[in-house]
Amino acid sequence: MNNDYEQFNIKDYKYWIIQINENQYYLGRCTIWCKRNNVIDFFDMTNDELKEFFEITKHLRNTLKRIFNPDLFNYSSLCNETKHLHIHIVPRYKNSRTFLGKEFIDERWGMNYAGKEFKPDKKMLFKIRDKIMKELK
(Lines give C-alpha, C1' and ligand atoms only; values in the text may rest on other atoms or scores of the structure.)
Protein backbone atom coordinates (compact mmCIF):
# COMPACT_ATOMS: atom_id res chain seq x y z
CA MET A 1 0.00 0.00 0.00
CA ASN A 2 1.24 3.46 -0.91
CA ASN A 3 2.34 5.56 2.09
CA ASP A 4 0.51 8.60 0.64
CA TYR A 5 -2.72 6.90 1.65
CA GLU A 6 -1.86 6.44 5.34
CA GLN A 7 -3.75 9.64 6.10
CA PHE A 8 -6.95 7.73 5.28
CA ASN A 9 -6.26 4.92 7.78
CA ILE A 10 -8.91 4.23 10.37
CA LYS A 11 -7.51 1.09 11.94
CA ASP A 12 -4.61 -1.26 11.31
CA TYR A 13 -4.88 -5.00 11.95
CA LYS A 14 -2.53 -7.94 11.47
CA TYR A 15 -3.70 -8.73 7.91
CA TRP A 16 -5.91 -5.76 6.97
CA ILE A 17 -6.16 -1.98 7.09
CA ILE A 18 -9.46 -0.08 7.21
CA GLN A 19 -9.47 3.26 5.41
CA ILE A 20 -12.03 5.95 4.84
CA ASN A 21 -12.90 6.04 1.15
CA GLU A 22 -12.41 9.45 -0.47
CA ASN A 23 -15.78 9.05 -2.19
CA GLN A 24 -18.31 9.79 0.54
CA TYR A 25 -21.40 9.92 -1.67
CA TYR A 26 -22.49 7.11 0.67
CA LEU A 27 -21.74 8.49 4.11
CA GLY A 28 -19.28 6.27 5.98
CA ARG A 29 -18.02 4.38 2.96
CA CYS A 30 -14.81 2.54 3.82
CA THR A 31 -12.32 0.26 2.12
CA ILE A 32 -10.61 -2.70 3.74
CA TRP A 33 -7.19 -3.43 2.23
CA CYS A 34 -5.29 -6.71 2.46
CA LYS A 35 -1.73 -6.12 3.67
CA ARG A 36 -0.25 -9.08 1.82
CA ASN A 37 1.37 -8.18 -1.49
CA ASN A 38 0.47 -9.76 -4.83
CA VAL A 39 -3.03 -10.89 -3.90
CA ILE A 40 -5.95 -9.78 -6.04
CA ASP A 41 -8.74 -12.33 -5.90
CA PHE A 42 -11.06 -12.50 -2.90
CA PHE A 43 -10.78 -16.29 -2.85
CA ASP A 44 -7.00 -16.19 -2.56
CA MET A 45 -7.27 -15.09 1.06
CA THR A 46 -5.56 -17.34 3.56
CA ASN A 47 -7.68 -18.84 6.33
CA ASP A 48 -6.18 -16.40 8.83
CA GLU A 49 -6.89 -13.44 6.56
CA LEU A 50 -10.43 -14.64 6.00
CA LYS A 51 -11.09 -15.07 9.72
CA GLU A 52 -9.76 -11.61 10.55
CA PHE A 53 -11.61 -10.08 7.57
CA PHE A 54 -14.97 -11.34 8.82
CA GLU A 55 -14.27 -10.21 12.37
CA ILE A 56 -13.26 -6.68 11.44
CA THR A 57 -15.95 -6.28 8.77
CA LYS A 58 -18.64 -7.25 11.24
CA HIS A 59 -17.18 -4.84 13.80
CA LEU A 60 -16.98 -2.05 11.21
CA ARG A 61 -20.53 -2.72 10.03
CA ASN A 62 -21.85 -2.56 13.60
CA THR A 63 -19.92 0.66 14.24
CA LEU A 64 -21.30 2.30 11.09
CA LYS A 65 -24.80 1.22 12.15
CA ARG A 66 -24.36 2.98 15.49
CA ILE A 67 -22.95 6.16 13.96
CA PHE A 68 -24.96 6.68 10.76
CA ASN A 69 -27.81 4.14 10.97
CA PRO A 70 -27.69 2.89 7.36
CA ASP A 71 -30.57 0.76 6.13
CA LEU A 72 -28.31 -1.84 4.51
CA PHE A 73 -24.78 -2.37 3.20
CA ASN A 74 -23.23 -3.20 -0.16
CA TYR A 75 -19.91 -5.04 -0.24
CA SER A 76 -17.74 -5.31 -3.32
CA SER A 77 -14.34 -6.63 -4.32
CA LEU A 78 -13.77 -5.77 -7.97
CA CYS A 79 -10.04 -4.95 -8.35
CA ASN A 80 -10.66 -3.53 -11.81
CA GLU A 81 -8.68 -0.32 -11.34
CA THR A 82 -6.49 -1.18 -8.36
CA LYS A 83 -4.97 -4.63 -8.74
CA HIS A 84 -4.76 -5.41 -5.04
CA LEU A 85 -7.28 -7.18 -2.82
CA HIS A 86 -9.59 -4.66 -1.22
CA ILE A 87 -13.25 -4.68 -0.28
CA HIS A 88 -15.58 -1.68 -0.39
CA ILE A 89 -18.01 -1.35 2.50
CA VAL A 90 -20.83 0.89 1.26
CA PRO A 91 -23.57 1.97 3.67
CA ARG A 92 -26.89 2.56 1.91
CA TYR A 93 -29.65 4.90 3.01
CA LYS A 94 -33.34 4.86 2.23
CA ASN A 95 -33.64 8.42 3.59
CA SER A 96 -31.13 11.24 3.77
CA ARG A 97 -28.60 11.61 6.60
CA THR A 98 -26.93 14.77 7.82
CA PHE A 99 -23.38 14.96 9.15
CA LEU A 100 -21.77 18.27 10.15
CA GLY A 101 -24.54 20.18 8.39
CA LYS A 102 -24.06 18.32 5.07
CA GLU A 103 -27.04 16.34 3.79
CA PHE A 104 -26.21 12.99 2.20
CA ILE A 105 -28.88 11.62 -0.15
CA ASP A 106 -28.65 8.11 -1.59
CA GLU A 107 -30.26 8.83 -4.98
CA ARG A 108 -29.53 5.26 -6.09
CA TRP A 109 -31.32 3.55 -3.22
CA GLY A 110 -32.52 0.15 -4.41
CA MET A 111 -30.03 0.16 -7.30
CA ASN A 112 -26.34 -0.55 -7.80
CA TYR A 113 -24.26 1.96 -5.85
CA ALA A 114 -21.78 2.61 -8.68
CA GLY A 115 -21.64 5.84 -10.61
CA LYS A 116 -22.10 8.47 -7.94
CA GLU A 117 -19.27 10.49 -6.43
CA PHE A 118 -18.88 13.07 -3.74
CA LYS A 119 -15.37 13.84 -2.59
CA PRO A 120 -15.68 16.20 0.37
CA ASP A 121 -12.88 18.53 1.31
CA LYS A 122 -10.18 16.96 3.49
CA LYS A 123 -11.51 18.63 6.64
CA MET A 124 -14.92 16.93 6.34
CA LEU A 125 -13.42 13.65 5.13
CA PHE A 126 -11.12 13.51 8.14
CA LYS A 127 -13.98 14.34 10.51
CA ILE A 128 -15.91 11.36 9.13
CA ARG A 129 -12.73 9.24 9.44
CA ASP A 130 -12.14 10.43 13.00
CA LYS A 131 -15.73 9.72 14.04
CA ILE A 132 -15.46 6.14 12.75
CA MET A 133 -12.00 5.74 14.28
CA LYS A 134 -13.22 6.92 17.70
CA GLU A 135 -16.27 4.64 17.68
CA LEU A 136 -14.48 1.57 16.24
CA LYS A 137 -12.29 1.00 19.34
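**Entry 1: a charge over rings.** I count a charge as sitting over a ring if NZ of Lys or CZ of Arg is within 6 Å of the ring centre and within 35 degrees of the ring normal. I keep in mind that this is a predicted model. With that rule I looked up Lys102, and its charged end sits over the ring of Phe104, 5.8 Å from the ring centre. I then checked Phe118: the charged end of Lys102 sits over that ring too, 4.7 Å from its centre.

**Entry 2: aromatic pairs.** Next I turned to rings that pair with each other. A pair of aromatic rings is described by the distance of the centres and the angle of the planes. I found 11 aromatic pairs in the structure. How are the rings of Phe8 and Phe126 arranged? Their centres are 6.1 Å apart and their planes stand at 45°, so I noted the pair as tilted. I also looked up where the two residues belong: Phe8 lies in the segment before strand S1 (9–12), while Phe126 is in helix H2 (residues 122–136). Are Phe8 and Phe126 buried or exposed? I have both down as buried.

My next pair was Tyr25 and Tyr26. Their ring centres are 4.8 Å apart and their planes meet at 80°, so this pair is edge-to-face. I found Tyr25 and Tyr26 to be buried as well.

I also looked for a group of rings. Which residues form one aromatic cluster? My list reads Trp16, Phe42, Phe43, Phe53 and Phe54.

**Entry 3: salt bridges.** I moved on to charged partners and counted 8 salt bridges. One of them joins Lys35 to Asp12, with the closest N and O atoms 2.3 Å apart. I traced both ends: Lys35 is in the loop between strand S3 (30–34) and helix H1 (47–68), and Asp12 is in strand S1. They are 23 residues apart, and this pair too links distant parts of the chain. Lys35 has a relative accessible area of 34%, so I call it partly exposed. Asp12, at 48%, is also partly exposed, because the exposed class starts over 50%.

I then looked at Glu107, which forms a salt bridge with Lys116; here the closest N and O atoms are 3.0 Å apart. Lys116 counts as partly exposed, at 28% relative accessibility.

Glu117 is exposed, with a relative accessible area of 58%. Lys119 is exposed at 52%.

Conventions:
Residues numbered from 1 in each chain as written. Predicted model: local features only at pLDDT ≥ 70, side-chain atom pairs only at ≥ 80, totals over all residues. Heavy atoms only, no water. Phe/Tyr/Trp six-rings, centres within 6.5 Å; stacked < 30°, edge-to-face > 60°. Helix = DSSP H or I, 4+ residues; strand = E, 2+ residues; numbered from the N terminus. Buried < 20%, exposed > 50% of the residue type's maximum accessible area, 1.4 Å probe, protein only. Salt bridge = Lys/Arg side-chain N within 4 Å of Asp/Glu carboxyl O.
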